[in-house]
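Visitor: I would like to learn how to read a sheet and a core in a protein model. Could you take me through one?

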Amino acid sequence: MNNIKLALLGSQGAGKSAVLVRFLTKRFIGEYASNANSLYRKRLSIDGRQLNLEVFDPCSQGTEARCILEEPVDWADGFVVVYNINDRTSFINAENILHQIRETRMENSKGEFEVPVCLMGNKQDLSHVRQVCEEEGRLLAQENRCLFQEVSAAESYQEIDSLFTRLIRDMMEHLKYRADRRRYSGSKSMAKLINNVFGKRRKSV
Ligand SMILES: Nc1nc2c(ncn2[C@@H]2O[C@H](COP(=O)(O)OP(=O)(O)OP(=O)(O)O)[C@@H](O)[C@H]2O)c(=O)[nH]1
């Protein structure tokens, strides 16, 4: 069975827990304890494939984006970055987080892989007081080559479900690609090793 690790990032109060709980339980719960990191686990079936999903929902109280990122950025196979469309600061924070994910992951993987990321503009039900227009979100997502949608954890399940599902599909593809690459480079180095040992020996006979 596949294990998939997802991290939720974003400003305090953007609705990270609300979005996640909507996806996992189909329900909206108004208030969540936000003074501790949470790790959620769920078994899912996507395209007939069983998987164990782990989601890290870090406590973002009073922390800077870089601190939020320190733990999950190496751990996760994919990210959901949430901002509140009624709070421009949370959008700017999302932008910083996306840059940091890219920087860190590019460094770690020598630019070979791009980790799947989804940008969510939450609280769409309050769009009459929005501070960030939808186009800005879409542009930011395009620049960072990630999925994007405005959602409302309070009012709708469908969009959140399909966005998470698309992201998890991308993550599964990405993990498979990485595993294939590793296998391929493993067999290449094995072939090199065999060549070095036996090839040389044969020459010297
Ligand atoms: N109107 C509206 N309120 C929402 C929505 N999503 C979340 N909220 C509210 O926004 C507040 C913050 O939501 P949380 O899910 O706790 O936000 P968070 O990003 O997990 O916050 P921290 O854990 O503090 O980082 C709560 O009062 C939620 O009820 C939404 O889609 N619409």
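Guide: We will look at the sheet, and then at the core. This is a predicted model, in which local features need pLDDT of at least 70 and side-chain atom pairs count only at pLDDT 80 or more, while totals for chains, interfaces and linings use all residues. Residues are numbered from 1 along each chain as its sequence is written.

Visitor: In what order do the strands of the open sheet stand?

Guide: Strands (E, at least two residues) and helices (H or I, at least four) are DSSP runs numbered from the N terminus, and two strands pair if DSSP finds at least two bridges between them. Here six strands form an open sheet in the order β2-β3-β1-β4-β5-β6, with mixed pairing. β2 (38-46) and β6 (147-150) are the edge strands, each pairing on one side only. Within the sheet, β4 and β5 pair in the parallel sense over six bridges, and Tyr 83 stands opposite Gly 121 in β5.

Visitor: Which residues have the most contacts inside the largest nonpolar core?

Guide: In soluble globular proteins, nonpolar side chains tend to be buried together. A nonpolar core is a set of buried Ala, Val, Leu, Ile, Met, Phe, Trp, Tyr and Cys residues joined through C-beta atoms within 7 Å, where buried means that 20 or more other C-beta atoms lie within 10 Å of a residue's own, with C-beta atoms placed from the backbone. The largest one has 42 residues, and those with the most contacts inside it are Val 19, Phe 79, Val 80, Val 81, Val 117 and Leu 119. Its largest share, six residues, comes from α6.

Technical notes. A residue is buried if 20 or more other C-beta atoms lie within 10 Å of its own, exposed if 12 or fewer, and partly exposed in between; C-beta atoms are placed from the backbone.
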